[in-house]
Amino acid sequence: MRIGIYIGSLAACLCLLPRTGAAGSTGEAGIEKRIDKLLARMTLEEKIGQLSQPVYVRDDQELLTRIEQGLVGSLCVTESQIFTPAQRNEIQRIAVEKSRLGIPLLFGFDVVHGFSTIFPTPLGLSASWDEEAARETAAVAASEARSYGIDMTFSPMVDVSRDPRWGRISECYGEDVLLNTRFGVAAVRGYQGENLTSPTSIGSCVKHFVGYGMSLGGRDKQFTEISRRSLLETYLPPFEACVRAGAVSVMTAFNDIAGIPASANPFTLRTMLKERWRFDGFTLSDWDAVVELMNHGVAGDEAAAAERAVTAGVDVEMRSATYRNLVRSVKEGRVNIRTIDDAVRRVLRIKFRLGLFDRPYVDEAVAMASQLTPEHRAVARRTAAESMVLLKNNGVLPLSPDMKLSSLTGPFASNRDLLGWWTGHGRQSDVVTVAEGIRQGKPASMTVVEGSAARQSVRTTVICIGESGATFGESHNLTDVTLSRSQIEMVREAKAGGSRVVVVLFNGRPLVLTPIMDYADAILVAWHPGVEAGNAVADVLFGRVNPCGKLTSSWPKDSGQIPIYYSDRTSGRPRENRYLNVDGQPLFPFGFGLSYTQFRYGDLRLSSPSVGPQETLTVRVDVTNAGTCDGKEIVQLYVHDRVASVTRPRKQLKDFKKVFIPKGKTVTVEFRLPADELALLDADCRQVVEPGEFDLWVGTNSHDLLHTVFEVK
Ligand code: NOJ
């Protein structure tokens, strides 16, 4: 083992990083004083009321009474019970005008990939590798939601997930730490904007803290085993980045972390989040996660569950009502009043920052005029097209304008079920179907016949297959992620009938496509693209948009290979990662995606063959658009520490750039790689940069790469 260059404990390192979007100004000092005054006037019951977030149910008189009594701090609003802005104002009026202290309520909602204008699902959007798309879609969603009366979204979800069987993989930004980090930060910035009091900003609650994406066996909300190392290396970093970007809230997860449930975990909640990262917003349990501490077997009754959660650092309880027991727990000395006061202060701080005390109501006319505008639809169409990934193309795409006859078929051709899981306030009736998009967007010379009857007589068949929005998402797990048998048959039959076959896939998760690979001439992954689905698909099929998306998960050849991801460790026998029936490679690697043009990589060069621990390496590569149309390429940079004191991932994405390259042109893409980004966690989980040789690759996906080596001195 070599001697490492010790940078300091993880804690020390993290404290050096700048905090953004949080306290410090005179405004913030004023807020703290107002909180002091309020806290001094609050009864213990009212304080604990601020820590409870029941679920809003229309006409629930008991809930309204509790609001009037000052015993409710915020409401969890659900898709099925969403109110009108006028109803929302009425509920708020009870809190502000009838409760003793007039503290406004905070309304939380799952604005996950859009509010009224629904964008691609998060996994789909991540395939754009375009952080600006994440920021922009979040900003549009925030403007629609805030004007409607939603103050906080339970988003983004930055749970790194490597298991497509787990239905919630569709809600994260793929299998990679860097992508979840960058997209998470962009989403937080989009939701929160420059100023939380703006009528177009909402608070962002980052979830699910932490390790929820581990999902052993693809099972949701079941036991997971997470080591301290994978917690620190894989699951915590995206959260840290979102908190440092100013996210006002963090949702605690359902899962267990090496024996301590995430919603009762002092290490993650107090030591890491609140102490080391100096998070000053509030934590919120996931739905019933506090009462479920009893199911975990770490609390014998509701009072014990509440005591464990609040002491560990869960400030607010969503849905279950165990925190009511805290009045007694405080009075009997089992919970310190300072713990309660700190939690209440955090909630009030965010209410002040959101401007709720000064502007508790929404303007109903503005709310209605702000939804699903043509400008918002344009963002949806553009980002949906940018997210689509071309997996195969033997030349059939883009569909040529002089093509005389084409057919459109498959279960998703005229289907509006293209909004995915979490549909916010969106409506299926607003979705443009593929049939509509193609009808409106096809060249005048082209005849498109819809339905299966036409298949035998046409030269090109577009088949829209995949999975419904009701087959992925929360608690929607599968043991096998292969396309359904009937859909495989549909593709095979079309091919057998002599057609050229274009498959357009609508999916929330990576699917096994092995059975159709020999029968499809082209495969376009469209995900669940949202309200502008059909227009965006037509833009890509007809070549108005050159596809540029790339996978952010490895797509397996067979479900039995799961989990399969590019950044695993090599082990002692790297080649023995195969099965008797399938090899150890994915069908499509992480980062893969084709274009209608071709990109050539050359002349990978470094600023120096070696760098010191405080220095930055500059990496340059020339990328040429050698094809016949303009296009965008996502240039990816990976590294690997050749010999270290601990085992390292075989490759790690360190940076990427999305560049537009006109046909025939070459651009030089430059990356700057500071040596401290090569740090690892040593045997004691201390962050160090160890000297030695590193592999460095740059290229078009995690498999097809130019390679060089450099040294850290
Ligand atoms: C449970 C889900 O796990 C979480 O992601 C969501 O935000 C809450 N329910 C509220 O709907």
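## Two cis prolines

Pro156 sits in the loop between strand 5 (152-153) and helix 8 (177-192). Here, helices (H or I, at least four residues) and strands (E, at least two) are DSSP runs, numbered from the N terminus. The peptide bond joining Ser155 to Pro156 is cis, and its omega is about 5°.

This is a predicted model, in which local features need pLDDT of at least 70 and side-chain atom pairs count only at pLDDT 80 or more, while totals for chains, interfaces and linings use all residues. Residues are numbered from 1 along each chain as its sequence is written, and side-chain values use heavy atoms, with hydrogens and water left out.

A cis bond also runs from Ile562 to Pro563, with omega near 0°. You will find Pro563 in the loop between helix 19 and strand 18.

## Positive phi values

Ala258 is not a glycine, yet it has a positive phi of about 45°. Look for Ala258 in the loop between strand 8 (256-257) and strand 9 (260-261). With 45% relative accessibility, Ala258 counts as partly exposed; on this scale buried means under 20% relative accessible area, exposed over 50%, and partly exposed in between (1.4 Å probe, protein chains only).

Asp603, another residue other than glycine, has a positive phi near 55°. Asp603 belongs to strand 18, and its relative accessible area of 47% makes it partly exposed.

## Salt bridges

Side chains of opposite charge can pair when their charged atoms come close. The rule used here is that a salt bridge is a side-chain nitrogen of Lys or Arg within 4 Å of a carboxyl oxygen of Asp or Glu. By that rule, the count is 52 salt bridges. One of them brings together the side chains of Lys331 and Glu45, at 3.7 Å from N to O. Lys331 is in helix 13 (residues 326-331) and Glu45 in helix 3 (residues 44-50), so this pair ties together parts that are 286 residues apart in sequence. Lys331 is exposed at 60% relative accessibility, whereas Glu45 is partly exposed at 35%.

Helix 17 has a part in two further pairs. In one, Glu436 forms a salt bridge with Arg416, and their closest N and O atoms are 2.8 Å apart. This pair links distant parts of the chain, 20 residues apart: Glu436 is in helix 17 (residues 434-441), and Arg416 is in the loop between strand 13 (405-409) and helix 17. Glu436 is partly exposed at 22% relative accessibility, and so is Arg416, with a relative accessible area of 29%. In the other pair, the side chains of Arg439 and Glu450 meet in a salt bridge at 2.9 Å, N to O. Arg439 lies in helix 17 and Glu450 in strand 14 (residues 447-450), so the pair ties together parts 11 residues apart in sequence. Both count as partly exposed, Arg439 at 49% relative accessibility and Glu450 at 37%.

## Helix 7 against helix 16

How do helix 7 and helix 16 pack, at what angle and with what distance between their axes? Helix 7 (residues 131-148) and helix 16 (residues 374-387) pack at an angle of about 150°, with axes 11 Å apart. That makes the two helices roughly antiparallel. Axes are lines fitted to C-alpha atoms, for helices over the stretch in contact, and angles run from 0 to 180 degrees between N-to-C directions. Angles under 35 degrees count as roughly parallel, over 145 as roughly antiparallel, 65 to 115 as roughly perpendicular and the rest as oblique.

The crossing of helix 7 and helix 16 is left-handed; a crossing has that hand if the near helix is turned anticlockwise from the far one by less than a right angle, and is right-handed if clockwise.

## Two buried residues

Ile516 is in the loop between strand 16 (500-506) and strand 17 (522-525). Is Ile516 buried or exposed? With a relative accessible area of 0%, Ile516 is buried. Not counting residues up to four places away in sequence, Ile516 touches Leu483, Ile488, Val491, Val503 and Ile523, where contact means heavy atoms within 4.5 Å.

Gly549 is in the loop between helix 19 (533-541) and strand 18 (599-606). Gly549 also counts as buried, at 0% relative accessibility. Leaving aside neighbours within four places in sequence, Gly549 is in contact with residues including Ala127, Glu386, Met388 and Phe592.
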